[in-house]
Amino acid sequence: MDVQRLLQMRAKQINAALHRYLPSVRTAPTILHKAMRYSMFVGGKRLRPTLCLEAAVALGAAEQQVIPLACSLEMIHTYSLIHDDLPAMDNDDFRRGHPTCHKVFGEAVAILAGDALLTLAFETLAKAQPTPRYDHGTFLLELSCAAGSRNLIAGQVEDLQNEGKPIQPRHLQRIHQRKTGALITTSLRLGAMAGNATPRQLQLITDFGKALGLAFQIVDDILDCEQTTEKLGKSAGKDAAAHKATYPALLGIAGAKQAAARWTQKAIESLKPLGNKASRLLAIANYLLHRDR
Ligand code: GRG
């Protein structure tokens with residue numbers, strides 16, 4: 001399977017929907033909507049909405065019904081990147097191959113653009129179709145838990161607090177699970193819910209997501225050491241400079257690569273009981289392990 005083409009096809013489909021959900025640059029306050037659209041459309045792989053769509057399609061959902069859920073995930077993700085790049089957080093000038101939101105629009109507008117994308121995510125989620133097993137309340141609970149103070153934001157807090165400190169592997173794994181894994185797992189779970197997953201299918205998809213989320217962040221850590229800023233579209237080498245807790249810092253590059261391969265394998269094994277239905281998700285997991293950006 002040509003995963004790169006699949007990702008391109010999904011990105012096109014998701015971008016078209018995101019264009020419909022985001023207010024136009026002519027809507028007041030225009031500076032805010034320009035900033036939201038800038039960060040959203042300046043780049044990005046659209047991995048989380050793609051995982052959502054692929055989990056849903058694997059279980060037989062109609063694509064159009066999944067689009068609001070898929071878009072809400074990209075809105076949360078983009079908001080988290082805008083805020084992560086702020087001077088008070090990771091203080092980065094470069095993201096998705098272009099200057100960061102606050103560099104272009106100033107800090108106040110960047111903070112508000114992040115806030116507005118976070119809120120728009122829930123407005124968009126409310127437009128999704130419930131399925132016989134999963135209602136709007138369940139969708140809402142799922143996304144708010146992943147994005148909230150016990151997961152995505154907890155991961156960010158712990159990430160900042162542990163800069164420059166010695167860390168145990170278990171603790172690092174927990175930070176990665178929250179900072180990165182939670183939203184990836186929820187992307188897959190929301191897709192599975194849109195596909196009206198049985199409890200057993202939802203558990204398999206959850207196990208896949210947890211392992212894939214960890215593998216994805218370990219590879220992200222490795223790329224930060226090995227790739228150039230131009231290739232990544234974000235500042236390379238920042239983790240080491242900031243003395244961040246990462247897998248390469250803890251295990252060395254070779255050890256981190258082994259860990260990424262092990263978690264990818266674990267992810268792949270989780271989906272075995274789904275058989276052929278899971279073939280695209282498995283191909284994506286393999287592709288992400290070997291990606292170069
Ligand atoms: C500020 C609330 C708040 C949270 C920030 C997500 C996050 C927490 C920080 C962003 C920096 C970071 C290292 C996040 C880990 C997740 C990650 C690897 C993000 C990059 O995801 P990609 O590669 O990015 O999917 P694109 O640009 O392709 O969408």
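Tutor: A salt bridge is a side-chain nitrogen of Lys or Arg within 4 Å of a carboxyl oxygen of Asp or Glu, and in this predicted model the count by that rule comes to 19 salt bridges.

Student: Which side chains meet in a salt bridge at 2.8 Å, N to O, and which helices do they lie in?

Tutor: The general idea is that side chains of opposite charge can pair when their charged atoms come close. Here the side chains of Arg10 and Glu54 meet, with 2.8 Å from N to O.

Student: Are Arg10 and Glu54 buried or exposed?

Tutor: Arg10 counts as buried, because its relative accessibility is 0%, and Glu54 is buried as well, with a relative accessible area of 3%.

Student: With which residue does Arg189 form a salt bridge?

Tutor: Arg189 pairs with Glu142, and their closest N and O atoms are 2.8 Å apart. This pair links distant parts of the chain, since Arg189 sits in helix α9 and Glu142 in helix α7 (residues 136-147), 47 residues apart. Both Arg189 and Glu142 are buried. Salt bridges can also share partners, and in this way Asp90, Asp159, Glu163, Lys179 and Lys244 are joined into one network.

Student: How many aromatic pairs does the structure hold, and how should I read such a pair?

Tutor: A pair of aromatic rings is described by the distance of the centres and the angle of the planes. The structure holds one aromatic pair. The ring centres of Tyr38 and Phe105 are 5.6 Å apart and their planes stand at 65 degrees, so the pair is edge-to-face, given that angles over 60 degrees count as such. Tyr38 lies in helix α2 (residues 30-41) and Phe105 in helix α5 (residues 101-105), 67 residues apart, and the pair thus links distant parts of the chain. Phe105 counts as buried, at 19% relative accessibility, because the cut-off is under 20%.

Student: Which residues come nearest to the ligand?

Tutor: Of the 18 residues around the ligand, the nearest are Lys45, Arg48, His77, Asp84 and Arg96. An N or O atom in the side chain of Lys45 is 2.6 Å from an oxygen atom of the ligand, while polar side-chain atoms of His77 and Arg96 each lie 2.8 Å from a ligand oxygen. The protein covers 92% of the 710 Å² of accessible area that the ligand has on its own.

Student: Which helix gives the most to the shell around the ligand?

Tutor: Helix α4 does, with six residues. By class, the shell has five nonpolar, seven polar and six charged residues.

Conventions:
Residues numbered from 1 in each chain as written. Predicted model: local features only at pLDDT ≥ 70, side-chain atom pairs only at ≥ 80, totals over all residues. Heavy atoms only, no water. Phe/Tyr/Trp six-rings, centres within 6.5 Å; stacked < 30°, edge-to-face > 60°. Helix = DSSP H or I, 4+ residues; strand = E, 2+ residues; numbered from the N terminus. Buried < 20%, exposed > 50% of the residue type's maximum accessible area, 1.4 Å probe, protein only. Near = heavy atom within 4 Å. Polar contact = N/O pair within 3.5 Å; in protein donor to acceptor, adjacent residues only side chain to side chain. Areas by Shrake-Rupley, 256 points an atom, 1.4 Å probe, with all protein chains shown as cover. Nonpolar A, V, L, I, M, F, W, Y, C, P; charged D, E, K, R; others polar.
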